[in-house]
Amino acid sequence: MAIILLAGATGLVGSEVLKLALADPRVSRVIAPTRRALAPHPHFENPVTEMKHLTGGESWWRADAVICALGTTIRKAGSQAAFREVDHELPLLIAKFCREQGARSYALTSSIGAKASSSSFYLRTKGETERDLEAIGYPSLTILRPSVIGGLRSESRPMERFSVSLLEGLRPLVPRRYRVIQASRIAARLLESALAAAPGRTIYESEEI
């Protein structure tokens, strides 16, 4: 049975991962550091902390697999620097701390179009995160690149809601790669990939999730 460390458990995809992982008999424990306490569960460890203040010496970094569902928008973060902290620096910090404690697989939610050489700051940051994760040396690294993510968010993202509604209305005309993909499908693929721990790097484009 595996111990999973989950980053981003309060988000749309992360909350779905948490539900699936706690119900999966292959998972003995889920560790999910968050800024606010979540509902207790017999197989759930929930350190309440600010991620940017962590040192790596905390005992709960010891896990078999890591699932990173962190993500924000530049508008919500308030600046490009704040966005980069959430979508680049924290995923790498978590990867480093867990790898040092023996984690062997890492599964990340990235974005369709992610590319380190992109002219788009958003997509370039996502691509740089993918690239820099490889250097940390996980035996198994899985990257998911979903298109627009569907599901009920606790936070307000009006432009994203508009995009989801538009794409769903035009679904028969939209190429598979650009169709809305439900958070539950992304979560299921993340969990399965983390547990399977296929050797090397595996990338799932949106239509493959």
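Analyst: In helix α3, Gln-80, Phe-83, Arg-84, Asp-87, His-88, Pro-91, Leu-92 and Ala-95 meet Phe-121, Tyr-122, Thr-125, Lys-126, Glu-128, Thr-129, Asp-132 and Leu-133 of helix α4, where contact means heavy atoms within 4.5 Å. The residues of this contact divide into seven nonpolar, four polar and five charged; Ala, Val, Leu, Ile, Met, Phe, Trp, Tyr, Cys and Pro count as nonpolar, Asp, Glu, Lys and Arg as charged, and the others, Gly among them, as polar.

The model is predicted: local features need pLDDT of at least 70, side-chain atom pairs count only at pLDDT 80 or more, and totals for chains, interfaces and linings use all residues. Residues are numbered from 1 along each chain as its sequence is written, and side-chain values use heavy atoms, with hydrogens and water left out.

Helix α3 spans residues 80-100 and helix α4 residues 121-134; helices are DSSP runs (H or I, at least four residues), numbered from the N terminus. Their axes come within 10 Å and cross at roughly 15 degrees. Each axis is a line fitted to C-alpha atoms over the stretch in contact, and angles run from 0 to 180 degrees between N-to-C directions. The crossing angle therefore makes α3 roughly parallel to α4, a term for angles under 35 degrees. The crossing of α3 and α4 is right-handed, that is, the near helix is turned clockwise from the far one by less than a right angle.

How values were computed
Helix = DSSP H or I, 4+ residues; strand = E, 2+ residues; numbered from the N terminus. Parallel < 35°, antiparallel > 145°, perpendicular 65-115°, else oblique.
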